[in-house]
Amino acid sequence: MNYIDLHTHSNASDGTCTPSGVVQRAVQKGLAAIALTDHDTVSGIDEAVSAASDLPIRLIPGTELSLAYKKQDIHIVGLFIDHHNKAFRDMTHLLVERRIRRNQEIIRRFNADGIPVTYDELTGGNPDAVITRAHFARYLVDHNIVKAPSDAFKKYLDPGCPYFVPREYIQPEEGIEIIRKAGGVPILAHPLHYKLPRPELEALISRLKEAGLLGIEVKYSNHTKQDEYYVSQLAARFQLLPSGGSDFHGANKPAIDIGTGRGSLAVPYEYLECLADRVGYAL
C-alpha cells in the first residue's frame, strides 16, 4: 500500500528542515505524497514543489492556520491551497505581521531580564521563517537555560508564564472561508490535542462543520488506537473526510518522523484521493 503524510512543517515556520529537505526525507521514507503545511504561511511551497518535480513523490500545497477558540487556539490544516491566490496571501501576511509583533514583545521581555535573544538568532539564517514559541524553546535549550523544549514551555512560554504573550487570532469561520476560497480543503488538525471535554469538542466540530469544515485528522502521531477509533466515529457522524499526518518538525520534535510519526503511523493514499476528489483537485 502507498502511504502519505498530510501534515508536515519546514523551516518556513517552526520545522528545522528546508522545504526541499522535507521532500527529500519523505522520498527516503518511501512516501507516495506529502503536504507541506507550515504555520500561517505558504512561503515554502514553491521550493517544495520544485524539489518534488524530479522525484517520485507528489507534493500537496498546504498550510496550517491558527484560529481563535475561546481562550485557546485551534489549528485548521488547508490542503490543495492555491498558494498564489492574492486574498489568501494577504491573509497569511496579516497573520505573520501579528506574529512578528507578538514575538518582538516576547524578545523585549527576555532582554529586559538579561536573556539576550535576538530575532536573527531565532530565524537561524532564514529571515522569512515564521517564528513560533518553538523557536524560543529551542533557543532556551541551546543556551542551557532549560534541558528540554517541554521545560521551556512550562517555565517560560505557556499561558501564565512571564514571557507568554497572547496572539491576535482570526475567527474559525474566517479561516475556513479563506481556505475554501483559495480552492482548499479545511481540516481540523489533531482534534484531541486541545483536551476539550467530549461534549465541547463535538460542539466545536459542529460549529466548524457549519462554517464549511470538510475533514478531520483521524490518524495523528499522538493518537492511540482508541483515539483513532473515536475520531473516526466523529468523522462519520459529522460527515467529514478522514485525513492524517505526522506533524513532522524535524529536530524540533525529534521523536516524530515523517510518515511514521512515533513509529506506527500509516496514512493510506486513499485519504488523499477522497480529499482531492472533494474539490476536484487533479492528482
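Guide: Start with a definition: buried means under 20% relative accessible area, exposed means over 50%, and partly exposed lies in between, with a 1.4 Å probe and protein chains only. This is a predicted model, in which local features need pLDDT of at least 70, side-chain atom pairs count only at pLDDT 80 or more, and totals for chains, interfaces and linings use all residues. Residues are numbered from 1 along each chain as its sequence is written, and side-chain values use heavy atoms, with hydrogens and water left out.

Visitor: What makes Gln-104 partly exposed?

Guide: The relative accessible area of Gln-104 is 46%, so the residue is partly exposed. Gln-104 lies in helix H3, residues 86-112; helices (H or I, at least four residues) and strands (E, at least two) are DSSP runs, numbered from the N terminus.

Visitor: Why does His-7 count as buried?

Guide: His-7 has a relative accessibility of 0%, and therefore counts as buried. His-7 belongs to strand S1, residues 3-8.

Visitor: What does the side chain of His-7 make a polar contact with?

Guide: The partner is the side chain of His-9, at 3.2 Å. A polar contact is a pair of N or O atoms within 3.5 Å; within protein, one must be able to donate a hydrogen and the other to accept it, and residues adjacent in sequence count only if both atoms are side-chain atoms.

Visitor: Why is H8 called oblique to H9?

Guide: The axes of H8 (residues 198-211) and H9 (residues 225-237) cross at roughly 40 degrees and come within 11 Å. That angle makes H8 oblique to H9, because angles under 35 degrees count as roughly parallel, over 145 as roughly antiparallel, 65 to 115 as roughly perpendicular and the rest as oblique. Axes are lines fitted to C-alpha atoms, for helices over the stretch in contact, and angles run from 0 to 180 degrees between N-to-C directions.

Visitor: Which residues of H8 and H9 make the contact?

Guide: Arg-198, Leu-201, Glu-202 and Ile-205 of H8 meet Tyr-230, Leu-234 and Arg-237 of H9, where contact means heavy atoms within 4.5 Å.

Visitor: What makes H7 oblique to H8?

Guide: H7 (residues 172-181) and H8 pack at an angle of about 40 degrees, their axes 9 Å apart. H7 is therefore oblique to H8. The contact is formed by Pro-172, Glu-173 and Ile-176 of H7 with Arg-207, Leu-208 and Ala-211 of H8.
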